[in-house]
Amino acid sequence: MDTEKHSYTLEQIPANRGLVEELYSHGKITREAREYALNLLYPHNQWGLWISRLLLTIGAALMLSGVVYLFAFNWAKITPAMKLSSIQFGIIGCLIGAYFFSLQRITGQVLLLSGSVLVGVFMAVFGQIYQTGADAYQLFMMWSLFALGWTLVSNFAVQWIFWLVITNIFIVLWWEQSALPTKEMKSMIFTYMAILNGSALALREYFTLEKAYEWLEARWTRVVLTIATLLIMLIPIVMWIGEPGRATKSVMLSGVVGLIGHGAAYYFYRYKLPDMWSLAATVLSGCIIVESVGFKIFYEMFRRTHSIMFLLMGLMTLGVFTYAIIYLRKTAKEMVAEHV
Amino acid sequence: MSKYMTKYNAANLLEQLNRKGFVAGSCLSDFIIDQQQEKKLPLYLRALAGVGAFVASLCFIRFLSEVGIINYKHETGLIIWGLIFVAGAIGLQQVAGHDNTVKHSFFMQYSFASMAVGKALFVFGIGRMLDSGWGVTLALLVITCITYHIYRMSIDRFLSSFAVLFSISVNILWDRDIGGSRELLFNGFFLLQFACAAILLTHGKIKRNYIPLSYAFAFSLCASVLYLSSHSEFGYWGHKELIPPAFINMVLAGGLVALFGWAAGGIEKLKAEPLVIASIGAVLLGLISAPGILLTIGLMVLGYAKHEKLLIIAGALLMPVFIFLYYYNIDISLLQKSGILIGSGIVLLAGRFYLKHKGWDEGGVSCVQK
């Protein structure tokens, strides 16, 4: 399954670490030759820079987590004024640091992100001290609003993803705690979230195509946003298929939005912005939809004879996933050919 | 072009090696072309195949149970049917061949599903027969050893090997009969896993067939570290035993120092100033930090050194999962956890500022060479 036969010429085979290790492990080259080849292919002249960034990001993540844990402990020995002022100093320090180091550099960007996290800590501690009785959605709403300004100027993909996470949590909590939708409208939340995350993905693709922001071009941003959006769109579709008789209007509407979204994702990542990982995620989501339909049909047809139902479900699963694999393999080859 | 790709092709590389007098003749060209004929499928296709086989195998097991072919109360029947399915899976793989056709894809998917069903039935049967968690481990070990070299599918090799290691950890942590020596066994098993992972991941002579096994060890180490993050006391109700993370920290800190030496090109390179500083940092982290932090750094450095994105991603994902689980560890107070996290953060940031102060954080020349 995980290998396939090909015929290549030496010029078509990329030289990489795998190839060198293969030669060395089969005794075809000496240790010195291996070292020479690896240094040739990967001149490790960026170690210092890479380690520096690793230390900064992990160090900052640990410091911030430690601060969150500390305030979650709610240490009685620290007075409320001390708690609030220390966090405020932290936020101001981060912002001054971000300005000082500039947002074009990783240090400034990490400091800005740290400031965003500390805003949330401040809101939580404020609520803890004054027992404001505010709903949780208000905390996330204010957090999202306060962080929006510097997110807009951050030029930092991680800051944007962080802001999107806070905003998604705000929308979900607001829907449950304040909007108080009727049963008929409850599943509209999937539509709203699909629009929010889908818009973020669309903007990411637009600005990447326009070459407007280099920092947006990191591929992981596309993968994260695609998977999140597909997952949000998939839920109402599966709910609709599972119990069509009890599906509310909001489930159906969100389901339709989800199906359109899947179609759009397929079209864009197959034809407009070819990307195998995003296409594979869309195809996997499609497989789950087809499986749900098939399972539902077999369940309705053979609910008294479970054995036939499970046999057919198993065979259908093999068929669906085999087709998906064949399709993706074929598409991957076509994409390579189109880009040669 | 991905930054993990290079501007060279195999012909360029051979030319360079030839020019330096490392190789002669055309035997390498034939070898490379021969090896490349069997190209690995991308990870997303393997993941898709895995999901499909998992769902299909659940359906088939349920079907067999519904028609009465397998009876969960009869262990022998389960074992025999398990072996039949495993044999069938191997047969299907042989029949499927290596061509890129619909028949091949379908047979391989069917084969993988059969293998999953067969292994599940076999393990369930032996587990019931021996009526012990160690029975499950034994069954997993036996079936994995039997199929590893015969059934050439990396996702099956990885999952089976990982299942063996995972079941050993679970048994050590929660088995009722090993009360009193739980800490010793867990630490010993961790050390063994660590040594195996280190050899498999860094030794140049390891064959491609063992890559799934090396990943199984790496992921099992992650699982062990995550257990220690979420709990400090293990065992059964009323007989919990504390497993302090000190030994694991020591192993991981030592491993990190060795990894720095390996990545720099040899243990003797550890005498270089940047690596002395890095080693002191690793030891400091070993003293004050938590295993999750050390393993995260280790995986990311190893991934960068080996140009393996999967290890870097595994390290990057381990960190938030560790921080999340650590929060809910009720055996340590939030204040202690906060101190550990802030202390570790300070060590790392201090290391970063030292790098910057020395000017080693600029690209161009390796800091070790500097």
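Modeller: Two residues are in contact if their C-beta atoms, placed from the backbone, lie within 7 Å. Please keep in mind that this is a predicted model.

Colleague: How do you know that domain 1 of chain A is in contact with domain 2 of chain A?

Modeller: Chain A is divided into domain 1 (70-180) and domain 2 (187-340), and with the cut-off of 7 Å between C-beta atoms, 10 residues of domain 1 of chain A are in contact with 12 residues of domain 2 of chain A. The side of domain 1 that touches domain 2 in chain A holds 7 nonpolar and 3 polar residues, with no charged ones. The domain centres of chain A, taken over C-alpha atoms, are separated by 33 Å.

Colleague: Which domains does chain B have, and what separation do their C-alpha centres show?

Modeller: Chain B has domain 1 (42-152) and domain 2 (179-359), and the C-alpha centres of these two domains of chain B lie 34 Å apart.

Colleague: What makes up the contact between chain A and chain B?

Modeller: By the 7 Å criterion, 75 residues from chain A and 93 residues from chain B take part. Among the elements that give two or more residues to the chain A side are strand S1 (3-5), helix H3 (47-73) and helix H12 (306-339) of chain A. H3(A) provides the largest share, 20 residues. By class, the side of chain A that touches chain B comprises 45 nonpolar, 19 polar and 11 charged residues.

Methods
Residues are numbered from 1 along each chain as its sequence is written. Chains are lettered from A and ligands numbered from 1 in the order in which they are written. This is a predicted model: local features need pLDDT of at least 70, side-chain atom pairs count only at pLDDT 80 or more; totals for chains, interfaces and linings use all residues. Domain bounds come from an automatic or database domain assignment. Ala, Val, Leu, Ile, Met, Phe, Trp, Tyr, Cys and Pro count as nonpolar, Asp, Glu, Lys and Arg as charged, and the others, Gly among them, as polar. Helices (H or I, at least four residues) and strands (E, at least two) are DSSP runs, numbered from the N terminus.
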